[in-house]
Amino acid sequence: MNHRGIEFTVAKTAIPGIWQWQFRIGDQIKTGRTETKIELLAIRRAQLRIDRELKAIERKTA
């Protein structure tokens with residue numbers, strides 16, 4: 001999937017209701033997990049994390 005030009009993945013884990021997400025910004029790879037039964041909510045949470053990371057980078061360079 002793609003959000004704001006950043007490729008990311010969201011995948012189910014072996015544990016029901018747990019989703020793993022991953023994305024790369026530059027040479028940094030960010031990974032994490034979220035707990036929800038709804039796939040679209042897991043995707044949205046990954047997108048929000050991407051937004052947060054992009055905003056942090058923007059603040060550092062400004």
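1. A residue counts as buried under 20% relative accessible area, as exposed over 50%, and as partly exposed in between. Leu-41, at 32% relative accessibility, is therefore partly exposed. Please keep in mind as you read that this is a predicted model.

2. Here is the overall layout. The protein has four strands and one helix, and along the sequence they follow the pattern β-β-β-β-α. The C-alpha trace spans about 40 × 20 × 15 Å along its principal axes. Of the 62 residues, 31% are buried. Among contacts with a separation of 6 or more, 28% join residues 24 or more positions apart.

3. Now for the surface. The accessible area of the protein is about 4,700 Å², and carbon and sulfur atoms account for 51% of that.

4. Next come the charges. There are 13 positive and 7 negative side chains, with the centres of the two sets 5 Å apart. Side chains of opposite charge can pair when their charged atoms come close. How many salt bridges does a search of the whole structure find? The search finds three.

5. One of these bridges joins Asp-51 and Arg-4, at 2.7 Å from N to O. Asp-51 is in helix H1 and Arg-4 is in the loop between strand S1 (2-3) and strand S2 (6-12), so the pair ties together parts that are 47 residues apart in sequence. Arg-4 itself is exposed, at 63% relative accessible area.

6. Arg-49 and Glu-53 are four residues apart in helix H1, so about one helical turn separates them. Through shared partners, the salt bridges join Lys-30, Arg-49 and Glu-53 into one network.

7. Is Glu-53 buried or exposed? Glu-53 is buried, with a relative accessible area of 15%, while Lys-30 is partly exposed at 23% and Arg-49 is partly exposed at 25%.

8. Glu-35 is exposed, at 63% relative accessibility. Leaving aside residues up to four places away in sequence, Glu-35 touches Gly-17, Ile-18 and Arg-45. The C-alpha atoms of Glu-35 and Trp-19 are 6.3 Å apart, although 16 residues separate the two along the chain.

Methods. Residues numbered from 1 in each chain as written. Predicted model: local features only at pLDDT ≥ 70, side-chain atom pairs only at ≥ 80, totals over all residues. Heavy atoms only, no water. Helix = DSSP H or I, 4+ residues; strand = E, 2+ residues; numbered from the N terminus. Buried < 20%, exposed > 50% of the residue type's maximum accessible area, 1.4 Å probe, protein only. Contact = heavy atoms within 4.5 Å. Areas by Shrake-Rupley, 256 points an atom, 1.4 Å probe, with all protein chains shown as cover. Lys, Arg positive; Asp, Glu negative; His and termini not counted. Charge placed at Lys NZ, Arg CZ, Asp CG, Glu CD. Salt bridge = Lys/Arg side-chain N within 4 Å of Asp/Glu carboxyl O.
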